[in-house]
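This report describes the geometry of a single protein chain.

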Amino acid sequence: DTPKGKGKSNERLAQIIDEKQQLINDYKNQILFNQQLMHNIEAAINSLTDERFRIILSLRYLDGRTFEYIADKMNYELRWIYILHGRALNKIRDVK
């Protein structure tokens with residue numbers, strides 16, 4: 001015999017544990033999805049023949065750098081980085 005009310009608290013605890021497990025599973029699935037997405041982005045970047053395009057896209061999308069940072073590191077004007085970035089994205093679109 002369980003004390004009055006214990007059954008409901010045990011049910012609630014089981015429900016919380018189930019919800020936690022579902023969140024963990026969702027989190028793991030999201031991690032796998034993100035890993036595959038990063039792999040696809042990396043493959044698309046590596047398919048480019050122009051090294052400048054690969055550097056710009058890698059710094060931007062794999063390293064999360066700003067365009068200002070990229071311009072500074074590459075010794076290019078910011079406006080030129082924007083132009084090269086656009087060209088790089090167009091090249092990737094052309095490949096697909």
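At what angle do the axes of helix 2 and helix 4 cross, and within what distance do they come? The axes of helix 2 and helix 4 (residues 78–95) cross at roughly 95 degrees and come within 9 Å. Axes here are lines fitted to C-alpha atoms, for helices over the stretch in contact, with angles from 0 to 180 degrees between N-to-C directions. Helix 2 and helix 4 are therefore roughly perpendicular to each other; angles of 65 to 115 degrees count as roughly perpendicular, under 35 as roughly parallel, over 145 as roughly antiparallel, and the rest as oblique.

On the helix 2 side, the contact is made by Arg-52, Phe-53, Ile-56, Leu-57 and Tyr-61. Helix 4 contributes Trp-80, Ile-81, Leu-84, His-85, Arg-87, Ala-88, Leu-89, Lys-91 and Ile-92. Contact means heavy atoms within 4.5 Å. By class, this contact of helix 2 with helix 4 has ten nonpolar, one polar and three charged residues. Ala, Val, Leu, Ile, Met, Phe, Trp, Tyr, Cys and Pro count as nonpolar, Asp, Glu, Lys and Arg as charged, and the others, Gly among them, as polar.

The model is predicted: local features need pLDDT of at least 70 and side-chain atom pairs count only at pLDDT 80 or more, whereas totals for chains, interfaces and linings use all residues. Residues are numbered from 1 along each chain as its sequence is written, and side-chain values use heavy atoms, with hydrogens and water left out.

Helix 2 (residues 51–62) also packs against helix 1 (residues 6–46), where the axes come within 9 Å and cross at roughly 165 degrees. Helix 1 and helix 2 are therefore roughly antiparallel to each other. Met-38, Ile-41, Glu-42, Ile-45 and Asn-46 of helix 1 meet Arg-54, Leu-57, Ser-58, Tyr-61 and Leu-62 of helix 2. The class count for helix 1 with helix 2 is six nonpolar, two polar and two charged residues.

The protein has four helices and zero strands, and its elements run α-α-α-α from the N terminus on. Helices (H or I, at least four residues) and strands (E, at least two) are DSSP runs, numbered from the N terminus. The radius of gyration, taken over C-alpha atoms, is set against a globule rule of 2.2 Å times the number of residues to the power 0.38. The protein has 24 Å, but a compact globule of 96 residues would have a value near 12 Å. Along the principal axes, the C-alpha atoms fill a box of roughly 75 × 30 × 15 Å. Of the 96 residues, 17% count as buried. Buried means under 20% relative accessible area, exposed over 50%, and partly exposed in between (1.4 Å probe, protein chains only).

| Residue | Relative accessible area | Class |
|---|---|---|
| His-85 | 10% | buried |
| Asn-40 | 41% | partly exposed |
| Asn-75 | 70% | exposed |

His-85 is in helix 4. Leaving aside neighbours within four places in sequence, His-85 is in contact with Ile-56, Leu-57, Tyr-61 and Phe-67.

Asn-40 is found in helix 1.

Asn-75 lies in the loop between helix 3 (67–74) and helix 4. Phi of Asn-75 is near 60 degrees, a positive value in a residue other than glycine. Most residues other than glycine have a negative phi.
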